[in-house]
Amino acid sequence: MATLVPPATTAPPAASKPTVIEPEKVDYLNLPCPIPYEEIHREALMSLKPELFEGMRFDFTKVLNPRFVLSHSLFMGPTEIPSQSSETIKIPTAHYEFGANFLDPRLMLFGRLLTDGRLNARVKVDLSENLTLKANAQLTNEPHMSQGMANFDYKGKDYRSQFQLGSGALFGANYIQSVTPNLSLGGEVFWAGQHRKSGIGYAARYNTDKMVATGQVASTGMVALSYVHKVSEKVSLASDFMYNYMSRDVTASVGYDYILRQCRLRGKIDSNGCTAAFLEERLNMGLNFILSAEIDHRKKDYKFGFGLTVGE
Amino acid sequence: MRIEKREMASKVLVKAKGKAGAKGSKGGSGGANESNRWTNTSKCVKDWSTWAIKKAKVVTHYGFIPLVIVIGMNSEPKPSIYQLLSPV
């Protein structure tokens, strides 16, 4: 990228078109995370939405094979159940989760089974070089509570398109195209049969070595903008703005992400009066200590969690 | 329990509709036969696809993790059963 002169906004001359398109292709594949449409934001929000939890968590990962990994996970703590009133209702739960992962370059299988019978399964199959089938399902023993979704992804030279089929008659399609080496634009449509809703949305992502800026608008009334700035190898700062013009809901958050040698510390503060921090400390090779804290001053809800992760 | 009764009730209703449709087609004119056959086939297709999805859900629920384990145990280099079961 150092050799590439950023093209002007006017159309570049035909002679440099091949060089413009090739780095586009290369850049597309060299991005830190591939940017399928659904990851346009999530990749930038890794700093702002860590997996906060409350209670105790213990994960043990066992590598049997470079491709086959088993995991045992124990969790004890209160889980929140959604309630209509402003009070949060928490129920203490404890569960053990058994997981099996198989990772092959062409086939990935990911399964997690909880003690209450819930199965969380993900499958990713490379049907051909450019076509990928991804499916995920959350199956429960309760009837009518299971859901599943299948995605067909087609990866072109500088574009990606995806078709989604979901339970509850959910159909969706999205398309994202690299317009310049730094800018990619995309759009999506979806139709949810069960809720009789359909929507259309647009997204744009501009990224350079130092920053990523994304914006997304949807006809469901959601406008989401985010900006991540990589200050140095170890530090990156992120900010996010979400606005729903139907329900007049606004949330802005600012966060940081420190990736240091022995630890990774993420923190954020919200306009809802919520601050959160998440620390993963590497005590030893294969032993990680996790601390999670989320303090919601408006709802007076304080969540603290700690955990240990053994194995890679 | 209650949900099973509802399912049974819906199955009975569908069967009753099917019978009424058949009676109607017998009594009705020849032109209505075509549309009744289509509605009957679409109902059959819907019933069978619902049945197939229910069976697929049960199969996936019970069989996915064993499938992953079988595929993993047969991949190279082959791990042993002891490695699978021991907690170390």
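This is a predicted model: local features need pLDDT of at least 70, side-chain atom pairs count only at pLDDT 80 or more; totals for chains, interfaces and linings use all residues.
Me: What makes A:Gln216 count as buried?
Reply: Buried means under 20% relative accessible area, exposed means over 50%, and partly exposed is in between (1.4 Å probe, protein chains only). A:Gln216 has a relative accessible area of 11%, so it is buried. You'll find A:Gln216 in strand β12 (residues 211-218) of chain A; helices (H or I, at least four residues) and strands (E, at least two) are DSSP runs, numbered from the N terminus.

Me: Which residues does A:Gln216 touch?
Reply: Not counting residues up to four places away in sequence, its contacts include A:Tyr37, A:His41, A:Glu188 and A:Val223. Contact here means heavy atoms within 4.5 Å.

Me: And A:Val223, is that one buried or exposed?
Reply: A:Val223 has a relative accessible area of 17%, so it goes down as buried. A:Val223 lies in strand β13 (residues 222-230) of chain A. Leaving out residues up to four places away in sequence, A:Val223 touches A:Gln216, A:Val217, A:Phe241, A:Met242, A:Tyr243 and A:Tyr245.

Me: Why is the pair A:Glu80 and A:Lys303 called a salt bridge?
Reply: The term asks for a side-chain nitrogen of Lys or Arg within 4 Å of a carboxyl oxygen of Asp or Glu. A:Glu80 is in strand β2 (residues 68-81) and A:Lys303 in strand β19 (residues 301-310) of chain A, so the pair ties together parts that are 223 residues apart in sequence.

Me: How exposed are those two partners, A:Glu80 and A:Lys303?
Reply: A:Glu80 comes out at 37% relative accessibility, so it counts as partly exposed. A:Lys303 has a relative accessible area of 17%, so that one is buried.

Me: Which parts does the salt bridge between A:Arg266 and A:Glu280 tie together?
Reply: The closest N and O atoms of A:Arg266 and A:Glu280 are 3.0 Å apart. A:Arg266 sits in strand β16 (residues 263-270) and A:Glu280 in strand β17 (residues 274-284) of chain A, so the pair joins parts that are 14 residues apart in sequence. A:Arg266 has a relative accessible area of 9%, so it is buried, while A:Glu280, with 24%, is partly exposed. Elsewhere, salt bridges that share partners link A:Glu38, A:Lys134 and A:Asp153 into one network.

Me: Then how do you know that chain B touches chain A?
Reply: 20 residues of chain B are in contact with 28 residues of chain A. The area buried between them is about 1900 Å², with carbon and sulfur atoms giving 73%. Buried area is the accessible area (1.4 Å probe) that two parts lose on being put together, summed over both. In chain B, B:His61, B:Phe64 and B:Ile65 lose the most area to chain A, together 31% of what that side buries.

Me: Which element of chain B gives the largest share of that side?
Reply: That's α2(B), with 10 residues. Chain B has 3 helices and 0 strands.

Me: What makes A:His144 stand out?
Reply: A:His144 has a positive phi of about 65 degrees although it is not a glycine. A:His144 lies in the loop between β6 (131-139) and β7 (147-155) of chain A. Its relative accessibility is 69%, so A:His144 counts as exposed.

Me: Why is A:Lys300 called exposed?
Reply: Its relative accessibility is 60%, so A:Lys300 passes the cut-off. A:Lys300 also has a positive phi, near 55 degrees, in a residue other than glycine.

How values were computed
Residues are numbered from 1 along each chain as its sequence is written. Chains are lettered from A and ligands numbered from 1 in the order in which they are written. Side-chain values use heavy atoms; hydrogens and water are left out.
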